[in-house]
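Reader: I would like to go through this structure with you, starting with its surface charges. Could you begin with the terms we need?

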Amino acid sequence: VDGRVLSIARAVDRASAAKLREENEKKREGAREDRRHLHLAKEGQVEADSEAGRAMSKEDLAKRQKSAQEKRAKLKNPNFFVSKTRLSFRNVPVALADADLRKAILQYMEGGPPSHRRALKKVIIMRSPDRMDQNGKPRSLGYGFV
(Lines give C-alpha, C1' and ligand atoms only; values in the text may rest on other atoms or scores of the structure.)
Protein backbone atom coordinates (compact mmCIF):
# COMPACT_ATOMS: atom_id res chain seq x y z
CA VAL A 1 0.00 0.00 0.00
CA ASP A 2 1.53 3.34 -1.05
CA GLY A 3 4.93 1.68 -1.70
CA ARG A 4 5.01 -0.12 1.66
CA VAL A 5 4.94 -3.85 2.24
CA LEU A 6 1.80 -5.08 3.91
CA SER A 7 2.25 -8.29 5.87
CA ILE A 8 -0.91 -10.19 6.66
CA ALA A 9 -1.08 -13.23 8.94
CA ARG A 10 -4.09 -15.38 9.61
CA ALA A 11 -5.47 -15.48 13.10
CA VAL A 12 -5.13 -18.85 14.82
CA ASP A 13 -7.08 -20.45 17.61
CA ARG A 14 -5.67 -20.72 21.15
CA ALA A 15 -4.44 -24.31 20.77
CA SER A 16 -2.55 -23.48 17.58
CA ALA A 17 -1.11 -20.32 19.15
CA ALA A 18 0.17 -22.33 22.13
CA LYS A 19 1.74 -24.89 19.78
CA LEU A 20 3.42 -22.14 17.74
CA ARG A 21 4.74 -20.52 20.93
CA GLU A 22 6.28 -23.84 22.05
CA GLU A 23 7.92 -24.34 18.65
CA ASN A 24 9.40 -20.84 18.76
CA GLU A 25 10.74 -21.41 22.28
CA LYS A 26 12.43 -24.63 21.14
CA LYS A 27 14.04 -22.75 18.24
CA ARG A 28 15.33 -20.07 20.61
CA GLU A 29 16.78 -22.70 22.96
CA GLY A 30 18.67 -24.20 20.02
CA ALA A 31 20.00 -20.75 19.10
CA ARG A 32 21.47 -20.39 22.60
CA GLU A 33 23.62 -23.50 22.22
CA ASP A 34 27.36 -22.96 22.10
CA ARG A 35 28.30 -22.70 18.45
CA ARG A 36 31.92 -21.95 19.36
CA HIS A 37 32.29 -25.32 21.16
CA LEU A 38 33.84 -23.71 24.22
CA HIS A 39 32.99 -26.81 26.25
CA LEU A 40 35.87 -28.52 24.42
CA ALA A 41 38.45 -25.88 25.38
CA LYS A 42 39.54 -27.72 28.53
CA GLU A 43 39.57 -31.16 26.92
CA GLY A 44 42.91 -32.86 27.58
CA GLN A 45 44.12 -30.08 29.88
CA VAL A 46 46.29 -31.32 32.76
CA GLU A 47 45.72 -29.57 36.08
CA ALA A 48 48.64 -29.09 38.49
CA ASP A 49 46.86 -30.85 41.37
CA SER A 50 45.90 -33.92 39.30
CA GLU A 51 47.84 -37.20 39.31
CA ALA A 52 49.20 -36.51 35.81
CA GLY A 53 50.18 -32.97 36.83
CA ARG A 54 52.14 -34.21 39.83
CA ALA A 55 53.94 -36.75 37.62
CA MET A 56 55.22 -34.24 35.06
CA SER A 57 58.15 -31.85 35.32
CA LYS A 58 57.58 -28.31 36.55
CA GLU A 59 58.85 -26.90 33.25
CA ASP A 60 56.37 -28.97 31.21
CA LEU A 61 53.53 -28.07 33.56
CA ALA A 62 54.45 -24.37 33.28
CA LYS A 63 54.37 -24.63 29.44
CA ARG A 64 50.95 -26.24 29.57
CA GLN A 65 49.59 -23.62 31.97
CA LYS A 66 50.93 -20.81 29.78
CA SER A 67 49.33 -22.45 26.74
CA ALA A 68 45.98 -22.73 28.54
CA GLN A 69 46.20 -19.08 29.57
CA GLU A 70 46.88 -18.03 25.95
CA LYS A 71 43.92 -20.12 24.79
CA ARG A 72 41.59 -18.50 27.33
CA ALA A 73 42.73 -15.05 26.20
CA LYS A 74 42.09 -15.93 22.54
CA LEU A 75 38.67 -17.38 23.25
CA LYS A 76 37.53 -14.11 24.84
CA ASN A 77 37.38 -12.84 21.27
CA PRO A 78 34.07 -14.02 19.72
CA ASN A 79 35.81 -14.58 16.36
CA PHE A 80 37.79 -17.52 17.76
CA PHE A 81 36.28 -20.97 18.31
CA VAL A 82 37.29 -24.51 19.23
CA SER A 83 37.13 -26.97 16.34
CA LYS A 84 35.14 -30.16 16.92
CA THR A 85 37.23 -32.08 14.38
CA ARG A 86 40.75 -30.63 14.40
CA LEU A 87 43.35 -31.35 17.06
CA SER A 88 46.43 -29.22 17.57
CA PHE A 89 49.82 -30.55 18.64
CA ARG A 90 52.43 -28.42 20.37
CA ASN A 91 56.10 -29.09 21.11
CA VAL A 92 56.44 -31.27 18.03
CA PRO A 93 60.12 -32.22 17.52
CA VAL A 94 61.72 -30.19 14.73
CA ALA A 95 63.00 -33.32 12.95
CA LEU A 96 59.57 -35.04 12.89
CA ALA A 97 58.01 -35.40 9.43
CA ASP A 98 54.28 -35.23 8.65
CA ALA A 99 54.29 -38.93 7.69
CA ASP A 100 55.92 -39.91 11.00
CA LEU A 101 53.30 -37.99 12.98
CA ARG A 102 50.53 -39.62 10.91
CA LYS A 103 52.01 -43.08 11.57
CA ALA A 104 52.22 -42.41 15.33
CA ILE A 105 48.59 -41.22 15.43
CA LEU A 106 47.39 -44.24 13.47
CA GLN A 107 49.25 -46.55 15.87
CA TYR A 108 47.54 -44.83 18.79
CA MET A 109 44.15 -45.17 17.10
CA GLU A 110 44.61 -48.90 16.36
CA GLY A 111 42.58 -49.93 19.39
CA GLY A 112 39.61 -47.81 18.31
CA PRO A 113 36.94 -48.50 15.73
CA PRO A 114 37.92 -48.49 12.01
CA SER A 115 35.68 -45.46 11.42
CA HIS A 116 38.07 -43.37 13.55
CA ARG A 117 41.04 -44.39 11.42
CA ARG A 118 39.11 -43.43 8.27
CA ALA A 119 38.27 -40.08 9.86
CA LEU A 120 41.95 -39.09 9.86
CA LYS A 121 42.04 -36.94 6.73
CA LYS A 122 45.08 -34.73 7.04
CA VAL A 123 48.15 -34.36 9.25
CA ILE A 124 50.12 -31.14 8.91
CA ILE A 125 53.17 -29.86 10.75
CA MET A 126 53.39 -26.12 10.28
CA ARG A 127 56.65 -25.03 8.62
CA SER A 128 58.45 -21.74 8.19
CA PRO A 129 58.72 -20.64 4.54
CA ASP A 130 61.93 -18.63 5.16
CA ARG A 131 63.89 -20.93 7.52
CA MET A 132 65.37 -24.10 6.06
CA ASP A 133 66.73 -27.18 7.83
CA GLN A 134 69.97 -29.03 6.95
CA ASN A 135 68.27 -30.82 4.02
CA GLY A 136 66.96 -27.60 2.48
CA LYS A 137 63.35 -28.25 3.51
CA PRO A 138 61.25 -25.65 5.39
CA ARG A 139 61.93 -25.90 9.13
CA SER A 140 59.19 -27.04 11.51
CA LEU A 141 57.55 -24.39 13.69
CA GLY A 142 57.01 -26.98 16.43
CA TYR A 143 53.23 -27.36 16.14
CA GLY A 144 50.79 -29.11 13.88
CA PHE A 145 47.17 -30.04 13.23
CA VAL A 146 45.31 -33.31 12.70
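Author: A charge patch is made of residues with over 30% relative accessible area and no salt bridge, like charges being joined within 9 Å. Please keep in mind that this is a predicted model.

Reader: Understood. Which residues gather in a patch of negative charge on the surface?

Author: The patch consists of E22, E23, E25 and E29. One of these residues, E29, belongs to helix α1, which covers residues 14-31.

Reader: Is E29 buried or exposed?

Author: E29 counts as exposed, because its relative accessibility is 53% and the class begins over 50%.

Reader: And on the nonpolar side, which residues make a surface patch?

Author: V1, L6 and I8 make a nonpolar patch of about 370 Å².

Reader: Why does L6 count as exposed?

Author: L6 has a relative accessibility of 58%, and exposed means over 50%.

Reader: Let us change topic. How many salt bridges does a search of the whole structure find?

Author: The search finds three. One of them joins D60 to R64, with 3.4 Å between the closest N and O atoms.

Reader: Where do D60 and R64 lie?

Author: Both residues are in helix α3, residues 58-75, and they are four residues apart, about one turn of the helix.

Reader: How accessible are D60 and R64?

Author: D60 is partly exposed at a relative accessible area of 25%. R64 is partly exposed as well, with a value of 39%.

Reader: What does E70 form a salt bridge with?

Author: Its partner is R90, and the closest N and O atoms of E70 and R90 are 3.7 Å apart. This pair links distant parts of the chain, since E70 is in helix α3 and R90 in strand β1 (residues 88-90), 20 residues apart. E70 is partly exposed, with a relative accessible area of 36%.

Reader: Which side chain meets D98 in a salt bridge?

Author: The side chain of R127 does, at 3.5 Å from N to O.

Reader: How exposed are D98 and R127?

Author: D98 counts as partly exposed at 27% relative accessibility. R127 is partly exposed, with a relative accessible area of 30%.

Reader: Now to S140. Where is it found, and is it buried or exposed?

Author: S140 is found in strand β3, residues 138-145. S140 is buried, because its relative accessible area is 6%, and buried means under 20%.

Reader: What lies 3.0 Å from a polar atom of the S140 side chain?

Author: The backbone nitrogen of G142 lies at that distance.

Reader: How far apart are G44 and A17 in sequence and in space?

Author: G44 and A17 are 27 residues apart in sequence, and their C-alpha atoms are 47 Å apart in space.

How values were computed
Residues numbered from 1 in each chain as written. Predicted model: local features only at pLDDT ≥ 70, side-chain atom pairs only at ≥ 80, totals over all residues. Heavy atoms only, no water. Patch = residues over 30% accessible without salt bridge, like charges linked within 9 Å, V, L, I, M, F, W, Y side chains within 5 Å. Areas by Shrake-Rupley, 256 points an atom, 1.4 Å probe, with all protein chains shown as cover. Salt bridge = Lys/Arg side-chain N within 4 Å of Asp/Glu carboxyl O. Lys, Arg positive; Asp, Glu negative; His and termini not counted. Charge placed at Lys NZ, Arg CZ, Asp CG, Glu CD. Helix = DSSP H or I, 4+ residues; strand = E, 2+ residues; numbered from the N terminus. Buried < 20%, exposed > 50% of the residue type's maximum accessible area, 1.4 Å probe, protein only. Polar contact = N/O pair within 3.5 Å; in protein donor to acceptor, adjacent residues only side chain to side chain.
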